[in-house]
Amino acid sequence: MSDQLRRKEGVHTVTLDAPRTTRLDARPPFAAVAEQHLDDVYGYLLYLCRNATLAEDLASETFEKALRLWRRFDPLRGSARTWLLAIARTTALDWFRAEERRQRREQAVAAPDLHEDSLSEGLSPALEQALASLTAGEREVIALRVVLELDGEATARVLGISQTACSTRLSRALKRLEERMTHERRLDGAHHRAEAPARPAPGAGK
Amino acid sequence: MTSADITELLRSSRPVAPDALRERVRAIAATKPAPSPGSRFRLPRLRLVVPAVATTALAAAALIAVVRPAHQRAVFETAKQPATTELTAPVTGQLRTQAPSATPKQGAADFGATASTAPAPAAGRAQDYQAQIGIEVKDTDALSTATKRAMTIAQSLGGFVVASQYASSDTGTASITLRVPAAKVQEAIAQLTALGKLTSQQVQIQDLQEQLDQLAREVTVLRGRIAHITALLANPNLTPERRAQLTARRAQLQTDLRRIRQQSAGVSQQASLATIQLALATKNKSEVPAPASRVRRTLDEAGRILTWEGVALLYGLVVVGPFVLFGALAWVGTRMRRRNVESRLLARS
């Protein structure tokens, strides 16, 4: 008996017919996938755009898109996490494009004002600053390969580049990050040394 | 701080989605998805399409190849045509007869009908009758036998062999020119065409009666003039000079008369004998291959059909190719432009 017929006859208890076992039926439910990979998608988007509110909006939009496209997802072609991250990247790039157009239109009226949030509570200010100095492209490869610990193949698939290009991009990003961290530390040390003589010596006034 | 330290630090402080976002996503996942546009129709994957098309092409070729030979046989049988006779020069009585390709037995069987189409020389008229006959025999042994037999036929009918040429290796040819009495030329042709498979026959008849009549009239005139001069010479009152003049004139006319009589006799001799040029040849082995087995024929036919399918595919590619190339270039251009835009967007900090 079909669902339509049951509804017509006032039957509210719906018993599904035995489903045909197909490859697509082997997929987990979308809700479980979304729950499992929400942190990954949000973390990636936060690293990419460095704004928590925007990352939340983009993550929400990503899952809306993913739900619409869920029928097309094929587990044999890649993991759900890779698939979701690819959608998240497309969503973020679309937003960047729209934002760029908007800024061009409104440049004469108002300057862009995008608040930058902390990427994570456990990061030091120096590391936050170093990450902020990287480009969005460098941050996204760090987010995927280092933070989310995706392998090279999955990362390359999300970014739409070859694995070699992905490794090169990661290596450069880490090198720049390291340089920035060294630079920040030197500046910090110099700052401390400059402030030290101005401080009153302990017990000097006594 | 090294890269390893940074990596460790970044991994230890992985961002966590806020509870508000988690609730939003749960709410999204709980809703029924709206069908996305274009989700009903999707292009089949190339890895499935290519084997499917190849399998279909092979299956079609095999199926047609199995069915096709029956049709081909039917077409071949209807393509067989009877002997065609063409009168090419009615003035000179030239007649050409083309014999169909047939087996030796069929050639012998068809011989009667073919020979009956060869025109007979007109009775009571002097005619130059010439016939060219092409005969195909099985092998060199048959060629030798047929050559000897042709000579015997000519002699048995009161004729003779004018010229004969014989050559043989793997394949052989023989060319014989025969003269037979005109009255028995049809009988000769009938016997000669029975030597093997008739491949060609051509008969030319040229009327000689008018020429013969003209010569007879000239003879009559000359004889009259000679008789007149003889009568004049019988007169005893002729001067010696006049007599010598008439005598010389009569001798000249008698010479002309002998020449014309010889000419007339030659024409009569020509009309009395018909010339038959017989060309004998063995079968060309490459022309008649051994009959192939059914499996071989099916495979050949399948190969031929696959070739045609390839030709059709090539034709389609030639026609559609420019459009596909244009589309591919447009796609590559769009992709490159999009990549550039992405790189520019991601180059910001």
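Read from the N terminus, the elements of chain A follow the order α-α-α-α-α-α-α-α. Chain A thus contains 8 helices and 0 strands, where helices (H or I, at least four residues) and strands (E, at least two) are DSSP runs numbered from the N terminus. The model is predicted: local features need pLDDT of at least 70 and side-chain atom pairs count only at pLDDT 80 or more, while totals for chains, interfaces and linings use all residues. Residues are numbered from 1 along each chain as its sequence is written, and chains are lettered from A and ligands numbered from 1 in the order in which they are written.

Of the 206 residues in chain A, 31% are buried (20 or more other C-beta atoms within 10 Å of the residue's own, with C-beta atoms placed from the backbone). Among contacts in chain A with a separation of 6 or more, 69% join residues 24 or more positions apart; a contact requires C-beta atoms, placed from the backbone, within 7 Å.

Two helix pairs may now be considered. Helix 2 and helix 3 of chain A pack at an angle of about 140°, and their axes are 9 Å apart. Axes are lines fitted to C-alpha atoms, for helices over the stretch in contact, and angles run from 0 to 180 degrees between N-to-C directions. Helix 2 and helix 3 of chain A are therefore oblique to each other, given that angles under 35 degrees count as roughly parallel, over 145 as roughly antiparallel, 65 to 115 as roughly perpendicular and the rest as oblique. Residues of helix 2 of chain A that meet helix 3 of chain A include F30(A), V41(A) and L45(A), and those on the helix 3 side include L54(A), L58(A) and F63(A). This contact of helix 2 with helix 3 of chain A comprises 14 nonpolar, 1 polar and no charged residues. Ala, Val, Leu, Ile, Met, Phe, Trp, Tyr, Cys and Pro count as nonpolar, Asp, Glu, Lys and Arg as charged, and the others, Gly among them, as polar.

Helix 4 of chain A and helix 7 (residues 152-159) of chain A pack at about 30°, with axes 8 Å apart; they are therefore roughly parallel to each other. Here T82(A), L85(A), A86(A) and R89(A) of helix 4 meet A154(A), R157(A) and V158(A) of helix 7. By class, this contact of helix 4 with helix 7 of chain A has 4 nonpolar, 1 polar and 2 charged residues.

Between the chains, 43 residues of chain A are in contact with 33 residues of chain B. Helix 2 of chain A gives the most to the side of chain A that touches chain B, with 8 residues.

Notes. Two residues are in contact if their C-beta atoms, placed from the backbone, lie within 7 Å. A residue is buried if 20 or more other C-beta atoms lie within 10 Å of its own, exposed if 12 or fewer, and partly exposed in between; C-beta atoms are placed from the backbone.
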